[in-house]
Amino acid sequence: MPALYNLALQRLLPASFCVVGTARKALTDDEYREELRLAVAQHSRTRPLNEEVWRSFAEQLYFVATPDDQGYENLRETLERLDEELGTHANRLFYLATPPNAYATIVTAIGAHHLRGRTGWARVVVEKPFGHDRESARQLTEVIQTVFREDEVFRIDHYLGKETVQNILVMRFANGIFEPVWSRQYVDHVQITVAESIGVEERAGYYEQTGAMRDVVQNHVLQLLALVAMEPPAAFDDKAVRDEKVKVLRALRPIRGAEVSASAVRGQYTRGFIEGVAVPAYREEHGVPSDSRTETYVALKSWVDNWRWEGTPFYIRTGKRLPKRSTEIAIQFRVAPHKLFPREASEGLEPNALVLRIQPDEGVSLKFGAKVPVQGIRIRSVNMDFDYGASFMVDAPDAYETLIVDALRGDATLFTRRDEVDQQWAFVDPILEAWASSPAGPPLYEAGTWGPADADALIERDGREWRKA
Amino acid sequence: MIVVDTAFWGARANGVAALERELVRLRRAQSAHARELGRTVARASVLNLIVYAEREAHAKRAALSISELALRHPSRAIVVLADRGAREGVEAEIEMHCHLPMADGATQVCYEQILVRARGDSDKRLASAIIPLLVPDLPVFLWWTGTPPMTGRSFGDLVGLADRLIVDTADIARPDVALPGIARICAQARGLFGVTDLNWTRLTPWREMITAFFDVPAWRPFLDRITGVRVGFGVDMDGRDIHPSQALLFIGWLASRLRWRPLNALAPSEAGGLLFPIARADGVPVMVRVRPRFERGLDEGDVSGIRVQAEHEGQRAEFVVKRQPDERHQTTTVLIDGRTRWERTVPLPSPAIVELIGEELAIIGSDRTYEDALAALVRLS
């Protein structure tokens, strides 16, 4: 809702538009508006609340309780009435911001009560996680497809709405200088880091069932990987872009059975310190059983088995209660082929790296060697840094704002397609199964450290190391 | 509660996220200002520098030095001010401030300064406040003001983040304790991080001049025939505080390069200095004296002059380097059989902390010559 309000502030909402909220509980329109007002005032990225914009925005907010079939009938009547009043031609966007286990029920009800409307378009926006594994994701897709066609389903992965994530495509395909070196020939390896310093906060119940693999790797990380590794699409539209992404996901070498222990590491945080404050262990979080085996950390070594990436590993790590919040993709290039300068002179020289920072401060940096200004030759690595905010002097739009506008316009480029979700589950399922059937629990790591020692071993075996993210 | 000088350190930020927002705001303001002048600000950083201080005066002095270096070493400096003296029961707390100081002419580069103030028993939590502040993937220098503790979690944690540890034994009154301690840190650091001492950096002009003597073919044979060395170092007028570390490092350096061995243990000489009975690689004794001298303008502990005596094929040679009273020049003299054969005056580089730090930040990794000198010195004493 803060995203919608901010779109209103930016005059990006359609001229004729309304929001109908629904839930099991009963609320009047006014109670609903007041509830949202408080939430938006607290969470909006623009503060304080612009009262005048809010007032006119709030006039378009309605609420219908849907505890039972009669509720859905009421909803249909309200929608039809509003269509008439607003002239919206029964164009409807259904946004499911509910617990995932309710998706099937709600979509079925949308179908059963003919909420789609007879004219106009209908789309449904679904939040992650989409399914719990490959099988449940397929079942959910089947249920949804009894009501919506695949091109009407918008699966949100909010990472794709982030400016820098979209910028990956711009960097790669709007510039001439990067693509020629974007392959096994020049790239030694790729590191994708999605680090969070927060713990599970109030989401313990959800997280306990999910874990880092399902919460982050299955969606955000694999999407980032696909964008970095994909071939140039023929057009910038939903079909061409997603076709190329899914090819990458299909080319991901499966990690299963005995390979899991060599290529995948999980972990769970214990007590430690974050930003100077003592924090509890995962198993001490409210709502987490004291013998929980849920992973809060995942590191993977993965391969994209195709012509472009043969022999170039993609290292992935993500976790909670890591020392800092940081999401980045680092393309680590090979070292210069001939060592022209003496070893002493180049002690401070590291291989080139192009780093795409997604958060906290969005930007791009390029690391290269430069001569230290002294007599004789001494070489140091320097970082040339492009900072999104400082260069464009504006705040990047929030990911949800971008995605909601896209969904309203019917552009699905930044949403995840059925086959992508399917491939993503196909990749993570065997790893999760191997972990579930292993008698050992996840190795522990102290909160505020970069994960368990096994994760370091995973990359150090190959003579490489994790970046200082 | 002592309040830090926010005019100097910048406004207090409530946590890392708030600090980042504040830095973005400051950067934007700087960038907007630069645009008006038709310039751009390059956010080119080459290093992270963590400064550890236990007194605000030291922290400020260090911060001023680093900001002067912004042009040479654009960096993010994280100044840690730890009130270790805080009373028991004071709640451990970490406070952060940030600031983008602009040195003259340095408007095109970005230098970020962050103050992390730790109060109470923050030993365990300090590193967790610093890691999120480091610029990713850049080398980390740790400048430890005062005597580095050999134990304690925060020292271990901070050193664990660092690629290079910089100490200054000029601030340390007990070299007999501190130097072996630093040598132990060096031994543990092998392959993990480099160690250096600003007192070693101060010796560079002296080592250069001494080395230059023996580059001359006619004088080269004297190098293996040294019979005595005298090193003078500054003390205050009443000669109470003695800081001989710098002079001692010079002896360690000669010993490590020339493979000298101890004959006896370190013994105090009658004049308040130190006397080292040392054997050359060929077993012949070398008399080495390190003595304090009072000289106007000479900082305590700084080397004032070096005299190397040698005998070769019946000739007695003396190689002398002296600091001029003007503090800005060195004179080098060579005497053969008491007759001056050569004399020259060269400029003496500024001993300002900013210059020394600048030198050390240009080096990544370990300085084997220093580590060898320190190890040799510890063996001699």
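**Exercises on strand pairing and helix packing**

In S12(A), Gln191(A) has Ala330(A) as its bridge partner. This is a predicted model, in which local features need pLDDT of at least 70, side-chain atom pairs count only at pLDDT 80 or more, and totals for chains, interfaces and linings use all residues. Residues are numbered from 1 along each chain as its sequence is written, and side-chain values use heavy atoms, with hydrogens and water left out.

**Exercise 1.** Determine which strands pair with S6(A), and in which sense.

*Solution.* Strands are DSSP runs of E with at least two residues, numbered from the N terminus, and two of them pair if DSSP finds at least two bridges between them. Start with S12(A) (residues 326-333), which pairs with S6(A) in the antiparallel sense over eight bridges. Turn next to S11(A) (residues 313-319), which runs parallel to S6(A) and is joined to it by six bridges; there, Thr318(A) is the bridge partner of Val194(A). Finally, nine of the nine residues of S6(A) (residues 187-195) are buried, that is, under 20% relative accessible area with a 1.4 Å probe, protein chains only, so the strand is largely enclosed by the rest of the structure.

**Exercise 2.** Describe how H6(B) packs against H10(B).

*Solution.* The axes of H6(B) (residues 175-189) and H10(B) (residues 368-380) lie 9 Å apart, at an angle of about 130 degrees. Among the residues in contact (heavy atoms within 4.5 Å) are Leu179(B) and Ile182(B) of H6(B), which belong to the set meeting residues of H10(B) that include Leu374(B) and Glu371(B).

Notes: Chains are lettered from A and ligands numbered from 1 in the order in which they are written. Buried means under 20% relative accessible area, exposed over 50%, partly exposed in between (1.4 Å probe, protein chains only). Helices (H or I, at least four residues) and strands (E, at least two) are DSSP runs, numbered from the N terminus. Axes are lines fitted to C-alpha atoms, for helices over the stretch in contact, and angles run from 0 to 180 degrees between N-to-C directions.
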